[in-house]
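Subject: Handover of a structure and summary of findings

Dear colleague,

Please find below the structure that I am handing over to you.

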Amino acid sequence: MRRVSEEIGLAVDHAACDPAAWDAVMAEIGRLLPGVWPVLQVVDAAAGTGLPLVQWGWDPAIIQAYEAHFGAVNPWISVVLSTPAMVSMHSEERMPASSLSHTEFYADWLSRLGGMTASSGIKLIDADGRLAVLNLQHDLARATREHGRLAAVMEQIGPRMRRAIETNRACFPASAAFAARETLLDRVADPAFVVTRDLRLVEASRAGQALLAAGDVLRVGALDRIQVRDPRLSAAMAREAALAYGGAPAHGIPPGPVRIGAETWQVTAIGLRQDLRGVLGMARLLMPDQLALLVLRRAAAAGDGQDRLAELGLSPAEARLALLMDGSRSLVQAAESLGIRHETARSQLRQVFAKLGVSRQAELAVFILRLKQGA
C-alpha cells in the first residue's frame with residue numbers, strides 16, 4: 001500500500017501545478033487499485049448536493065444522471081457532512097446499501113452500477129460550506145475485504161491531495177471558471193465588478209473594464225486583486241464588500257459617497273450565490289467560495305450647489321438662503337445664520353419658490369437635498 005500510495009502521490013503532486021492533471025490522478029488510482037471506480041466530487045453543504053469534478057471508469061451517462069438529479073437525493077451526503085476531514089468512511093459501516101433499497105436513489109441509480117454499490121471515501125477539504133471528497137466505488141461482495149486496504153491508501157494520499165487542491169485554489173484565476181461568452185454584467189451601465197472576498201477580480205462590466213484600463217482610479221495588480229488609488233474609495237469598497245459577505249465593516253469606515261477631486265463615487269455591493277451546476281469540472285471546487293458584485297456610480301460633484309442655483313436664475317443671496325433650507329432648520333434660524341432680518345428672508349424665499357417652481361418649504365427641502373447629493 002505504501003508503494004501504491006507513493007505512485008498516486010506523484011500524480012497528485014503534478015496536479016498541484018496543473019488542475020487539468022486531476023484526470024490523470026483518477027486514472028492512476030484506477031490503474032493501481034483494480035476494481036475501483038474513483039471520483040473526486042464537490043459537496044455543496046448549503047444545497048445538500050454532490051457534483052462530480054473528475055472521475056475514472058464511470059459510464060458518462062451514469063455521471064450525468066448523478067449531476068442532474070441523484071447527487072441531490074444521495075442519502076450518503078449526510079454521512080459525508082457529519083464525518084470529520086481526513087477520516088476514512090465506508091458505506092457498509094455507516095449506511096449499508098441494503099438500507100437504501102426503498103429509496104429512489106437506490107432503485108433508479110445505485111442498482112444500475114452493475115454491483116458496484118459500496119464505496120469508501122475521505123473528506124479532503126471542508127471550507128465555507130464547500131467540501132472536496134474522494135470516493136472509491138467498488139463491488140459490494142468485496143466491500144468488507146477491500147475497505148481496510150482502501151482506507152490505508154486514502155489516509156496516506158489524503159493530506160497530499162488536500163495540499164495540492166489548496167495550491168490550485170490559491171493560484172487558480174477566478175475568471176477561468178466562466179466561459180468567455182458568459183457574463184453577469186452585459187447590461188450594467190455603471191462600472192461594476194464581480195470580486196472575491198479579498199477583491200480578486202472575476203469579471204467586470206464594459207464600463208468597469210474601461211475604468212481599469214484608464215488606471216487613474218482602479219487597476220488590477222498581482223494575483224488579479226483590484227488596487228484602488230484613493231484610500232477613501234478603497235476603504236469604501238472594502239466596507240461594502242464586507243457587508244455583502246455578511247460580515248461587519250472595519251471600524252471607522254463611514255458610509256456614504258466618496259468625493260475625489262471633482263468627482264463623487266457611490267459604492268454599493270451585494271453578495272452572489274453561485275450555482276455550481278453552471279461550472280464545469282475542477283472549476284467547481286477551485287473557484288472562490290463566495291463572490292460579491294461591486295458597483296461604482298460616478299456623478300459630477302455638486303459642490304455646494306451655488307452654481308446650479310445660479311443657472312436656475314437665483315441671485316447669490318437667494319441661493320445662499322435656499323441652500324440652508326434643506327429641512328435641517330427653520331426660516332428664522334436660516335435668517336439668523338445669514339445675519340439678515342426675518343422679513344428679508346421671507347421675501348427672498350418667495351423669490352426662490354417662484355424661480356424653482358415649488359410652493360412649500362418641504363418641496364424646497366427635497367429639491368435642495370437632491371441638489372447636494374448630485375442627483
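Helices (H or I, at least four residues) and strands (E, at least two) are DSSP runs, numbered from the N terminus. The expected span of a helix is 1.5 Å times one less than its number of residues. This is a predicted model, in which local features need pLDDT of at least 70 and side-chain atom pairs count only at pLDDT 80 or more, while totals for chains, interfaces and linings use all residues. Residues are numbered from 1 along each chain as its sequence is written, and side-chain values use heavy atoms, with hydrogens and water left out.

Overall picture

The protein has 15 helices and 12 strands. Of its 375 residues, 45% are buried, where buried means under 20% relative accessible area, exposed over 50% and partly exposed in between (1.4 Å probe, protein chains only). Contact means heavy atoms within 4.5 Å. Among contacts with a separation of 6 or more, 61% join residues 24 or more positions apart.

Helix α14

Helix α14 covers residues 342–356. Its 15 residues reach 21 Å from the first C-alpha to the last, close to the 21 Å expected at 1.5 Å a residue. Ala 345, Gln 348, Leu 349, Val 352, Phe 353 and Leu 356 are its buried residues. They fall within an arc of 150° seen down the axis of α14, so they line one face of the helix; the arc is that of the directions from the helix axis to the C-beta atoms. An α-helix has 3.6 residues a turn, so residues three or four places apart point the same way. The buried residues of α14 pack against α11 (306–311), α12 (316–324), α13 (331–338) and α15 (361–372). Arg 350 and Ala 354 are exposed on the face turned away from the buried side. Gly 357, with a positive phi near 75°, follows α14.

Nonpolar cores

A nonpolar core is a set of buried Ala, Val, Leu, Ile, Met, Phe, Trp, Tyr and Cys residues joined through side-chain atoms within 4.5 Å. The largest such core has 37 residues, and those with the most contacts inside it are Trp 22, Leu 40, Leu 124, Leu 134, Met 161 and Ile 165. Elements giving two or more residues to this core include α1 (2–17), α2 (22–32), β4 (118–127) and α7 (143–171). The most comes from α7, with 7 residues. Leaving aside residues up to four places away in sequence, Leu 124 touches residues including Leu 40, Leu 134, Met 161 and Ile 165. A second, separate core of 24 residues includes Met 237, Ala 241, Val 258 and Trp 265.

Helix α1

The buried residues of α1 include Val 4, Ile 8, Val 12 and Ala 15.

Two buried polar residues

Asp 190 is found in the loop between α7 and β6 (192–195) and is buried, with a relative accessible area of 19%. Its side chain makes a polar contact with the side chain of Arg 297 (2.6 Å). A polar contact is a pair of N or O atoms within 3.5 Å; within protein, one must be able to donate a hydrogen and the other to accept it, and residues adjacent in sequence count only if both atoms are side-chain atoms.

Thr 49 lies in strand β2 and counts as buried at 7% relative accessibility. A polar atom of the Thr 49 side chain lies 3.3 Å from the backbone oxygen of Gly 71.

Yours sincerely
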